[in-house]
Each structure stands twice: as C-alpha cells, then as structure tokens.
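Subject: Structure handover

Hello,

Here is the structure for your files. My notes on what was found in it follow below.

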Amino acid sequence: MSTFKSDFLNVLQSRGFIHQTSDAEGLDALAAKREIVAYVGYDCTAASLHVGHLLSMMMLHWLQETGNKPITLMGGGTTRVGDPSGRDETRKLLSYEQIDANKESIKTTFAKLLRFGQGKSDAVMVDNAEWLTKLNYIEMLRDVGRHFSINRMLSMDSVKLRLDREQELSFIEFNYMILQSYDYVELARRYGCNLQMGGSDQWGNIVNGIDLGRRMGTHQLYALTCPLLATSSGAKMGKTAAGAVWLNADMLAPYDYWQFWRNVEDADIERFLKLFTMLPLEEIARLGALGGAEINEAKKLLATEATALMHGREAALAAAETARRTFEEGAIAEDLPSVAIARSEIDGGLGVLTAFVKAGLVASNGEARRQIKSGGLRVNDQPVADDKMILTQAHLTSDAVIKLSMGRKRHVLLRVE
C-alpha cells in the first residue's frame, strides 16, 4: 500500500531517494495536483558535474516524469563565493571567465535527463548571477540580512564543523547560506518555485530559505533532501584512485564510466539500480536477488544502463563489448582508454614506473612499485616483476600500442604517435 497520494513521492520513496522532508503531507498534496515547481542548485566549480550530482538530477527527472516542473539553477553567482558545506578549507576562488566556461560545459548534461521547453512541466534553466550580481550591499543587509541570526548561523553544520576543527571560515563563505536562501526567495517570486531539493548536507541551508521566504512574504516553501551517496562499506561514492567520476565524456571516457559502475560492491547493486537507472522495480528486485556468478550479470546491466543515461545507448553497448573482449578474449580492444606518447620516448626507452604514472593508472612511482610487489601491474597481459623494466619498441603491438593493466579491470593503451 502506498504511503503517499502522489506519484512523485511514491516513486522517490520506493527508489530510496528520500532522506528528509520539511512537511511531507503538504508536499504530497501539491504533488498529487502536479503543482510542484522544484529546483536544485549546481555551482560551476568544474567543467563537468560528477556522479555525486547525479542523485539530485535523477530526482528532477522523476519530478518531471510525474507531471511537475523542474528548475536547474546554475550557480553563476554563488560560485563566486564558494559553498563551505562539508569542506575543511576555503574553495579556490575562480575567475569569472572560468566560472562562465564551466557553466557552458555542464549545461548540456541536464538535457540527457530532462525535457526543456515552454510547457507546464517543461524544465527551465536559470542562472543566479541574474539577480545576485545586481544586489546592492546596503539594500541586501536591510532587506535580507536582517532576517538572519548569527547565533543560528553559527549552529549550522557547514559552519560549526569547520569551527570545531579550528579551520578558518572566511567571511565570504559565511555569506553563502544567505545567498542560497535568497535564491529560493527569488525563484519563488519569479517562477512560482515551492520546493528545493538537494543532498542531506544542504538541509540547514534549505530550511533557512524556507524561513526567509516566510519572513519576506512568499507562498509556502518546502524542503526535500536525498541521502549523501556512500557505498555499503562507508566509502564516499563517486571518487576513485584516479579522481572524480565525471559525467562529461571529455573528462571521463564512456568506457571508464562503464567500468566504474561495473566495479561497485555487490551489496550496492540493487540500491544503485533503483537510484541510477530507469528499470522497473520488479526487474530490479529480480536482479538484486541474484547470487554467485550471476551477480556479475546484474553489475554489467547496471553499468550499461547507467552509462546509457549519460552517454547514450550506443556508447554504453560499445563499452560493454570492449570490456567483454578485453576480459573474456584477452584482446586489445581499440576503444580502450588511450594515452598518446611520442615515438622518441619509446626509442629512448620508457621506464615502466613512468609509463604507469603517465597512463593515470597509478598516482606515483611509489604506488607503482607497491603494485609491482603485489603482482598488480601487467604490460601486454604479462606481469611486471622488475620495477626497473624499460619499455621499448619490442613491446609495441602491430597497432603501435602497449597495453598497460592494473588488476583485472583497469586497462590503458599507450599509443605511440
């Protein structure tokens, strides 16, 4: 039996998206009438969003699928300040040109999950630079700042945790929660927005926005947060040894993205299928019940479906086929990730430690040595036993590549040009 009247909250609950809501009954009533206008904010701190952002993007997708209206708020203004949530150090301030370039780079990601247009439930994209960069400081203090209690702001996790660890919190960051709250008020006034969604670390900021809206005379506003993404073993989701799991193909190849999902922990498969694919729940339940060797088939399906969402079905199937050929046939598949090196580097002899660092499979020579000691590195599928090994022309295949592998699942081609 459903807990909620609305399709929106039922979908979110059944798939594991709901962590907290400010007024579940009021929100459910609006959703049942398909009258929710909800936003999520995305700061432009990098040229791509990463897997950590995908959770809220999927929430916006299901919001639209159930007849409500999503707003993607680009943080062209707030990125100039920097969100202190969950951080021990001040974010590096980016130039305005870099922020704009990042914003343009990540815009296209949303069109893969949302339908933009002029219709009632069509998504709209807004940039908070539109109003934040026009604010007059004195007017801001009088109209908005007077509604904020310093005592309450100091009790917020994003501030309190930084101070408890005796890490410096700059005045510019301290203002971030005021700007985020004001964003909510502006979106309420301009677009009829009535719900802000985000990760659980944003709860305090969102509730501040609801309170500011009440004090500044908006309609009733609501909050809904999703759990912060972590694996069953407690590790932060979306980070690998090589860095963040980016959503843009020019920052992380579709094959590497596919491999990320293929390598999730067994205990996470059913949960991630619910969160990061659009497969029916009955099919997910069947896949989640698989055991033994069959569980690998569920992982491959998760990888293919998740990759298809971001990079298209064709790229996802190509990644799956590359993996099959590489692991099952031992072939050197042409569309494995590759790193170009100059022929002069091979002619002069390339140290094996340098080669693995250059390929991005290890972060340092020291890590490469540790991997060699444990038998973790291979060149052209042959284990590396000597950390002083030199790669030469003799290691080149007929396609002028050298296949470097770490473990069974990570491969990069050194391609001589």
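**Helix α1 against helix α3**

Phe8, Val11, Leu12 and Arg15 of α1 are in contact with Met59, Trp62 and Leu63 of α3, contact meaning heavy atoms within 4.5 Å. These residues comprise 6 nonpolar, no polar and 1 charged; Ala, Val, Leu, Ile, Met, Phe, Trp, Tyr, Cys and Pro are counted as nonpolar, Asp, Glu, Lys and Arg as charged, and the others, Gly among them, as polar. Helix α1 covers residues 7-15 and helix α3 residues 51-65; their axes come within 9 Å and cross at roughly 145 degrees. Axes are lines fitted to C-alpha atoms, for helices over the stretch in contact, and angles between N-to-C directions run from 0 to 180 degrees. The crossing of α1 and α3 is right-handed (the near helix is turned clockwise from the far one by less than a right angle). Helices (H or I, at least four residues) and strands (E, at least two) are DSSP runs numbered from the N terminus.

Before you go further: this is a predicted model, in which local features need pLDDT of at least 70 and side-chain atom pairs count only at pLDDT 80 or more, while totals for chains, interfaces and linings use all residues. Residues are numbered from 1 along each chain as its sequence is written, and side-chain values use heavy atoms, with hydrogens and water left out.

**The sheet of 6 strands**

This open sheet has the order β1-β6-β5-β2-β3-β4 and mixed pairing; two strands pair if DSSP finds at least two bridges between them. β1 (20-21) and β4 (124-127) are at the edges with a single partner strand each, so one side of each has no neighbour in the sheet. β1 and strand β6 (residues 222-226) run antiparallel and are joined by 2 bridges. Thr21 has Leu224 in β6 as its bridge partner. Helix α3 also packs on this sheet, where it touches β2 (37-43), β3 (69-75), β5 and β6, and its direction makes about 160 degrees with that of β2. Helix α2 (residues 24-32) lies across β1, β5 and β6, at about 95 degrees to β6.

**Loops around that sheet**

Arg34 is in the loop between α2 and β2. Its phi is positive, about 55 degrees, although Arg34 is not a glycine. Most residues other than glycine have a negative phi. Arg34 is partly exposed at 42% relative accessibility; buried means under 20% relative accessible area, exposed over 50%, and partly exposed in between (1.4 Å probe, protein chains only).

Asp122 sits in the loop between α4 (96-110) and β4 and is buried, at 13% relative accessibility. The side chains of Asp122 and Arg115 make a polar contact of 2.9 Å. A polar contact is a pair of N or O atoms within 3.5 Å; within protein, one must be able to donate a hydrogen and the other to accept it, and residues adjacent in sequence count only if both atoms are side-chain atoms. Leaving out residues up to four places away in sequence, Asp122 touches Gln64, Lys69, Pro70, Arg115, Phe116 and Gly117.

Gln202, in the loop between β5 (195-199) and α11 (203-215), is buried with a relative accessible area of 13%. Its side chain makes a polar contact of 3.2 Å with the side chain of Gln180.

**The sheet of 5 strands**

The order in this open sheet is β9-β15-β14-β11-β12, again with mixed pairing. β9 (338-341) and β12 (382-383) form its edges; each has a single partner strand, so one side of each is left without a neighbour in the sheet. Strand β15 (residues 410-416) runs antiparallel to strand β14 (residues 401-406), with 6 bridges between them. Ser405 has His411 as its bridge partner in β15, and Ile402 stands opposite Leu414. β14 and β15 form a hairpin with 3 residues between them, and Gly407 in the turn has a positive phi of about 70 degrees. β9 and β15 run parallel and are joined by 4 bridges, with Ser338 paired to Leu413. In β15, 6 of the 7 residues are buried, so this strand is largely enclosed by the rest of the structure.

**Phe356**

Phe356 is in helix α18 (residues 352-358) and is buried, with a relative accessible area of 0%. Neighbours within four places in sequence aside, Phe356 contacts Leu361, Val362, Leu377, Arg378, Val379, Leu404 and Ser405. Phe356 and Leu377 are 21 residues apart in sequence and 8.6 Å apart in space, C-alpha to C-alpha.

Regards
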